[in-house]
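User: I have this model open and would like to talk through how it packs. Could you take my questions as they come?

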Amino acid sequence: MIPKECKRLAEVDFPIATVSKHAAREKSIRHGHPSTLHLWWARRPLAACRAMLLALLLPDPCDERCPAEFKKQACDLLPRVVGTIKPKDEDLRQALLKFIGDFANWDLSSDRTYLEVSRGLVKAAHGEEAPLVVDPFAGGGSIPLEALRLGCEAFASDLNPVACLILKVLLEDIPRHGPALADELRRVGAEIKAAAEKELAELYPPDPDGARPIAYLWARTVRCESSGCGAEIPLVRSFWLCKKANRKRALRVVVSDGSVDPTDPSDRSDLKSSSPRATTTCPRAR
Ligand SMILES: C[S@@+](CC[C@H](N)C(=O)[O-])C[C@H]1O[C@@H](n2cnc3c(N)ncnc32)[C@H](O)[C@@H]1O
């Protein structure tokens, strides 16, 4: 057990640059990341939470009050992931910081060796009784989740009931039921989707080509008063849905006597000259 007076690593140094790099990269991970379970606005990157928790849980080996037993166990554990460690306390400090920085990488967060080393270090510092990490403002649960990963006990709470539900699923249900929970969720999700499709089918009739619409845009319309025209014109500011260079999508207005795309300048003259008798707003992505 480390004495209370012994400085923690976070008080003397922290691998900020490496952890920031991993935290920034984590934002773009979309599959299998806990943040995709449910949106939470103030969610902290897991990389930063994991690294900061370790730096707060582990003692600084350069502090004279740091137990020799911790240093010995750390020197036994760390070579599994950071290579040989030279004998000075400063070298052990650098090895611990390197481990913390490397382990902030999401790709290593479930690596068996890294998990064993991190839990072994926490045990070497705190003994057999796992330390308790309390986060009373836990939000999306990044801190308690990482505390569990490091072998700690975790307590999480939040004022917001949505956050509480996220915390319950993330910290209790998923660890308790594992992949079986995902299978059950897929099964129930498929049932709900099938039931919703059946109930909503009449509101989404298929197009003549059999394609099933997924959404409608609502617009007021005016009827063209030009003699012999009577076309119904949708009052929308733009027909563009997406203007990304590699993914241009726009709605096409289908006119009864031919198709005209009013968003395409080359079609504008057709629109003027065609004197359509009727216009339908038939949203078709092209
Ligand atoms: C900055 S967020 C925490 C983010 C969290 N660390 C994460 O990674 O998702 C602060 C949280 O405190 C909660 N909160 C604010 N006032 C509170 C209170 N009086 N009691 C409990 N929770 C509170 C909010 O609902 C919010 O989820």
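User: Is helix H7 mostly covered or exposed?

Analyst: Helix H7, residues 142-149, is mostly covered, with seven of its eight residues buried, where buried means that 20 or more other C-beta atoms, placed from the backbone, lie within 10 Å of the residue's own. Helices here are DSSP runs of H or I with at least four residues and strands are E runs of at least two, numbered from the N terminus. This is a predicted model, in which local features need pLDDT of at least 70 and side-chain atom pairs count only at pLDDT 80 or more, while totals for chains, interfaces and linings use all residues. Residues are numbered from 1 along each chain as its sequence is written.

User: Which residues of H7 are buried, and what do they pack against?

Analyst: They are Ser142, Ile143, Pro144, Leu145, Glu146, Ala147 and Arg149, and they pack against H2, strand E1 (132-135), strand E2 (153-156) and helix H8 (161-177), a contact being two C-beta atoms, placed from the backbone, within 7 Å.

User: What follows H7?

Analyst: Gly151 does, and its phi is positive, near 90°.

User: Switching to H2, how does it sit relative to H1?

Analyst: The axes of H1 (residues 16-26) and H2 (residues 46-57) come within 7 Å and cross at roughly 150°; axes are lines fitted to C-alpha atoms over the stretch in contact, with angles running from 0 to 180 degrees between N-to-C directions. Val19, His22, Ala23 and Glu26 of H1 meet Leu46, Ala47, Ala48 and Ala51 of H2.

User: What about the largest nonpolar core, which residues touch the most other members?

Analyst: That core has 43 residues, and Leu54, Leu58, Ala74, Leu96, Ile100, Leu121 and Ala125 touch the most other members; such a core is a set of buried Ala, Val, Leu, Ile, Met, Phe, Trp, Tyr and Cys residues joined through C-beta atoms within 7 Å. H2 provides the largest share of it, eight residues.

User: And what does Ala125 touch?

Analyst: Leaving out residues up to four places away in sequence, Ala125 touches Ile2, Leu57, Leu58, Pro59 and Phe70.

User: Last topic, how many residues surround the ligand?

Analyst: There are 15, the closest being Arg44, Phe137, Gly139, Gly140 and Ser142, where a residue counts if its C-beta atom, placed from the backbone, lies within 6 Å of the molecule.

Technical notes:
Buried ≥ 20, exposed ≤ 12 C-beta atoms within 10 Å, placed from the backbone.
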